[in-house]
Amino acid sequence: MPRLLGVDIPPDRPTAISLTYLYGVGPKTARELCHKAGIDPHVRARELHEDEVARIAALLDKDYVVEGQLRRQTSQNISRLRDIACYRGLRHRRGLPVRGQRTKTNARTRKGAKKTVAGKKGVKDLR
């Protein structure tokens with residue numbers, strides 16, 4: 001099982017697909033990496049030689065921001081927004097959608113499970 005940047009990539013998949021298991025590497029970047037390293041993207045990852053894996057690792061270190069470095073960069077960007085207390089930072093702090101989505105309905109992924117308010121449904125108007 002090949003290891004790249006501390007991540008085990010699946011050996012039974014084609015190399016281009018296996019590389020997408022790295023954080024920050026999508027299908028297009030994976031194909032680019034295979035092309036730059038001179039590796040056939042359809043070859044299974046288990047069939048890669050150590051020198052080919054080393055070439056991919058060197059390309060990733062040199063040309064791309066992936067895995068731990070990308071995660072750290074993303075979290076620093078979010079903490080910067082929180083620190084300067086801009087609108088997006090406040091939305092991150094409160095755990096609400098950041099990019100302008102509606103919150104009256106939906107937004108359950110960010111808001112979490114419903115918090116039912118007691119006594120709201122059965123209140124009768126006594127006039």
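**Note on helix packing, core and charge pairs**

1. The buried residues of α5 are covered by, among others, α4 and α6 (108-111). Contact here means heavy atoms within 4.5 Å. Helices (H or I, at least four residues) are DSSP runs, numbered from the N terminus. This is a predicted model: local features need pLDDT of at least 70, side-chain atom pairs count only at pLDDT 80 or more, and totals for chains, interfaces and linings use all residues. Residues are numbered from 1 along each chain as its sequence is written, and side-chain values use heavy atoms, with hydrogens and water left out.

2. Helix α5 spans residues 87-94, and its buried residues include Gly89, Arg91 and His92. Buried means under 20% relative accessible area, exposed over 50%, and partly exposed in between (1.4 Å probe, protein chains only). Why do they count as being on the same side of α5? They cover an arc of only 160 degrees around the axis. The arc is that of the directions from the helix axis to the C-beta atoms. The face turned away from the buried side of α5 carries the exposed residues Tyr87, Arg93 and Arg94.

3. Now α2. Ala30, Leu33, Cys34 and Ala37 are buried in this helix. Their arc around the axis is only 95 degrees, so they lie on the same side of α2. Exposed Lys28 and His35 sit on the face turned away from that buried side. The cover over the buried residues of α2 includes α1 (15-18) and α3. Gly38 follows α2, with a positive phi near 75 degrees.

4. The largest nonpolar core has 20 residues. Such a core is a set of buried Ala, Val, Leu, Ile, Met, Phe, Trp, Tyr and Cys residues joined through side-chain atoms within 4.5 Å. Leu4, Leu19, Leu22, Val25, Leu33, Ile56 and Leu60 touch the most other members. Helices α2 (27-37) and α3 each supply at least two residues of this core. Which residues does Leu22 contact, leaving aside its neighbours within four places in sequence? They are Leu4, Val7, Leu60 and Glu67.

5. A search of the whole structure finds four salt bridges. The criterion is a side-chain nitrogen of Lys or Arg within 4 Å of a carboxyl oxygen of Asp or Glu. Side chains of opposite charge can pair when their charged atoms come close. One of the bridges joins Asp8 to Arg3, with the closest N and O atoms 2.7 Å apart. Asp8 is partly exposed, at 38% relative accessible area.

6. Arg55 and Glu52 form another salt bridge, with the closest N and O atoms 4.0 Å apart. The two are about one helical turn apart, because they lie three residues apart in helix α3 (residues 50-63). Arg55 is partly exposed at 37%, whereas Glu52 is buried at 17%.

7. Glu67 bridges to Arg71, the closest N and O atoms being 3.8 Å apart. Both belong to helix α4 (residues 67-83), four residues apart, so about one helical turn separates them. Glu67 is buried, with a relative accessible area of 12%. Arg71 is partly exposed at 46%.

8. The charged end of Arg71 also sits over the ring of Tyr23, 4.1 Å from its centre. That label needs NZ of Lys or CZ of Arg within 6 Å of the ring centre and within 35 degrees of the ring normal.
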